[in-house]
Amino acid sequence: MPAALPLAPEALTFIGRGLQRPECVLGTARGDLYTADWRGGVAALHADGSQALTTGVLPGGRPLRPNGIALRRDGSFLLADLGETQGGVFCLARDGSVRPLLERVDGVDLPPTNFVHEDAQGRIWITVSTRRQPRAAAYRADVADGFIVLCDARGARIVAEGLGYTNEALPSPDGAWLYVNETFGRRLTRFRIGADGALSGRETVTTFGAGSYPDGLAFDAEGGVWIVSVVSNRVIRVAADGTQQLVLEDADAAHVAWCEQAFRAGALGRAHLDTAAGGVLKNISSLAFAGADRRTVVLGCLLGDRLATFRAPVAGHPPAHWTW
């Protein structure tokens, strides 16, 4: 990685308009970008600058609140629903029709659901950050009740528990490991993936310091893991040996200090995460490599209505959905 890092916020450009809570972003080889959108579905940003919105309503009329999204081979989407008190994973077709994929696991209703990913083998990985209600009660270092669900040909089952606010989770490019961010555990964790999908051999890849709360992640073509931190608007690259390099930061020092003080006191809450205190970024939460060379990084966010982008010094690894 070049010595010119970290990038200044002035290096950012912005695309899109009128988005609502574009928390999760996906890129494709066709040049399309997809984001979760709290108007009730998925927003598409096309290479020609046009936009489209696909929305649906859950059975019973409950509005969709997609947090994580996944693109499927047939062009439909999986949505991790972040309802107020209930969650689940739902399939959203391009015509706006909605059907449930998973609402219960191991005999228990899914709580508000954070993330979903379909891998190259067709396995679906789902994360739930916490069982606590409200979820903000788990914005603490001493709470670790998040879990990971695997849905495959054998059905759905919990394959990992005891995580400190489970966030995005992705299989490594070689398929050997599942990497997962523990946001308020402040660490990047990985599990070895067995032939039957079982997770074992939990390892801490790296831990993060003051102001860093890992949310989204993506792999690059050189074995690095790129991490997005809420609160501090940081992008961090984690090398294969666990060393970290700051790629970008747009943080307000006073805001970060306020959040840190609350976190240490066990009092971090919605007011802290619902404040956009960066100069131009609005609490970034995810990233995707895009463009023909996969060197354009696109940042999802919790509080903005558009997506920030910058050019990366290394290409991203193509995700499973890249050519779908």
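A residue counts as buried under 20% relative accessible area, as exposed over 50%, and as partly exposed in between. In the predicted model described here, Arg-140 has a relative accessible area of 27% and is therefore partly exposed. Its salt-bridge partner is Asp-142, with the closest N and O atoms 2.8 Å apart. Asp-142, at 57%, is exposed.

The secondary structure of the protein chain comprises two helices and 26 strands. For 324 residues, a compact globule would have a radius of gyration near 20 Å, and the 18 Å found for the protein chain agrees with this. The C-alpha trace spans about 45 × 45 × 40 Å along its principal axes. Of the 324 residues, 56% count as buried. Among contacts with a separation of 6 or more, 51% join residues 24 or more positions apart. The accessible surface amounts to about 12400 Å², and carbon and sulfur atoms contribute 50% of that area.

Charges deserve a paragraph of their own. The protein chain carries 32 positive and 34 negative charges, whose mean positions lie 1 Å apart. Side chains of opposite charge can pair when their charged atoms come close. A search of the whole structure returns 18 salt bridges. One of these pairs Arg-237 with Asp-220, at 2.6 Å from N to O. Arg-237 belongs to strand E22 (residues 234-238), while Asp-220 sits in the loop between strand E20 (213-219) and strand E21 (225-230), so the pair ties together parts that are 17 residues apart in sequence. Both partners fall under the 20% cut-off for burial: Arg-237 is buried at 10% relative accessible area, and Asp-220 is buried at 2%.

A further salt bridge joins the side chains of Asp-152 and Arg-157, with an N to O distance of 2.8 Å. Here Arg-157 has a relative accessible area of 16% and is therefore buried. Salt bridges also link Glu-182, Arg-187 and Arg-202 in a network.

Ala-93 is found in the loop between strand E8 (89-92) and strand E9 (98-102). With a relative accessible area of 24%, Ala-93 is partly exposed. Leaving aside residues up to four places away in sequence, Ala-93 touches Thr-54 and Ser-76. Ala-93 and Thr-55 are 38 residues apart in sequence, and their C-alpha atoms are 9.0 Å apart in space.

Terms used
Residues numbered from 1 in each chain as written. Predicted model: local features only at pLDDT ≥ 70, side-chain atom pairs only at ≥ 80, totals over all residues. Heavy atoms only, no water. Helix = DSSP H or I, 4+ residues; strand = E, 2+ residues; numbered from the N terminus. Buried < 20%, exposed > 50% of the residue type's maximum accessible area, 1.4 Å probe, protein only. Contact = heavy atoms within 4.5 Å. Rg over C-alpha atoms; globule rule 2.2 N^0.38 Å. Areas by Shrake-Rupley, 256 points an atom, 1.4 Å probe, with all protein chains shown as cover. Lys, Arg positive; Asp, Glu negative; His and termini not counted. Charge placed at Lys NZ, Arg CZ, Asp CG, Glu CD. Salt bridge = Lys/Arg side-chain N within 4 Å of Asp/Glu carboxyl O.
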